[in-house]
Each structure stands twice: as C-alpha cells, then as structure tokens.
Amino acid sequence: IKDNYDTGFLFGLFLGDGHAFLNNNGKTDIGCVIFYFGITEKEQRSIDKLSNIVKKLFNKTLAIKKKNNMIIAILY
C-alpha cells in the first residue's frame, strides 16, 4: 500500500472510528476491520468515501449494517 491521501483517510478514520478483530479458529486466521458511525451523522459521504477507498485499495466491498443507533461498516 502506497502512502497517499486515500491511505491517510483510511487509517485516520480507523483511528477515530475503527476496531480490528483477529482470531484463529484452529485452522486459519480470521478477522475483520469494523468502522462505527452514528445513525444520525449527516456525513453519509464518509461512509461512501470509505467504501470507495476500500474498493480501490483492496478490491473488497464493505458490508454496511444498521444496528440500533449506529451504522457499521465491516471489511472481512
């Protein structure tokens, strides 16, 4: 991964709103990165921007879920 605006945005957002999970099920390592957003946040653009950056950098799609008062973006 090259250092540029996209990676800075990704890591900055992770430091402010992210959580990482890593585990081993006995056969392989499994994990995910989760980003949390308030359900009432006006900045839906942050979630869209995060999705676009993840697609661009890793060719992966975020799973977006609404739970209680949060929007959760998960990268498996």
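Student: Leaving aside neighbours within four places in sequence, which residues is Asp6 in contact with?

Tutor: Contact means heavy atoms within 4.5 Å. By that rule, and apart from its sequence neighbours within four places, Asp6 is in contact with Ile53, Lys56 and Leu57. Please note that this is a predicted model, in which local features need pLDDT of at least 70 and side-chain atom pairs count only at pLDDT 80 or more, while totals for chains, interfaces and linings use all residues. Residues are numbered from 1 along each chain as its sequence is written, and side-chain values use heavy atoms, with hydrogens and water left out.

Student: How many salt bridges are there?

Tutor: A salt bridge is a side-chain nitrogen of Lys or Arg within 4 Å of a carboxyl oxygen of Asp or Glu. The count here is one salt bridge: the side chains of Asp6 and Lys56 meet at 2.7 Å, N to O. Asp6 lies in helix 1 (residues 5-17) and Lys56 in helix 2 (residues 44-58), so the pair ties together parts that are 50 residues apart in sequence. Helices (H or I, at least four residues) and strands (E, at least two) are DSSP runs, numbered from the N terminus.

Student: Is Asp6 buried or exposed?

Tutor: Buried means under 20% relative accessible area, exposed over 50%, and partly exposed in between (1.4 Å probe, protein chains only). Asp6, with a relative accessible area of 11%, is buried, whereas Lys56, with 62%, is exposed.

Student: Which residues have the most contacts inside the largest nonpolar core?

Tutor: A nonpolar core is a set of buried Ala, Val, Leu, Ile, Met, Phe, Trp, Tyr and Cys residues joined through side-chain atoms within 4.5 Å. The largest one has 13 residues, and Phe35, Phe37 and Leu50 have the most contacts inside it. Helix 1, strand 2 (29-38), helix 2 and strand 4 (70-75) each supply at least two residues of this core. Its largest share, four residues, comes from helix 2.

Student: How many aromatic pairs does the structure hold?

Tutor: A pair of aromatic rings is described by the distance of the centres and the angle of the planes. Rings of Phe, Tyr and Trp (its six-membered ring) pair if their centres lie within 6.5 Å; planes under 30 degrees apart count as stacked, over 60 as edge-to-face and the rest as tilted. The structure holds two aromatic pairs. In one of them, the ring centres of Phe14 and Phe35 are 6.2 Å apart and the planes are at 80°, so the pair is edge-to-face.
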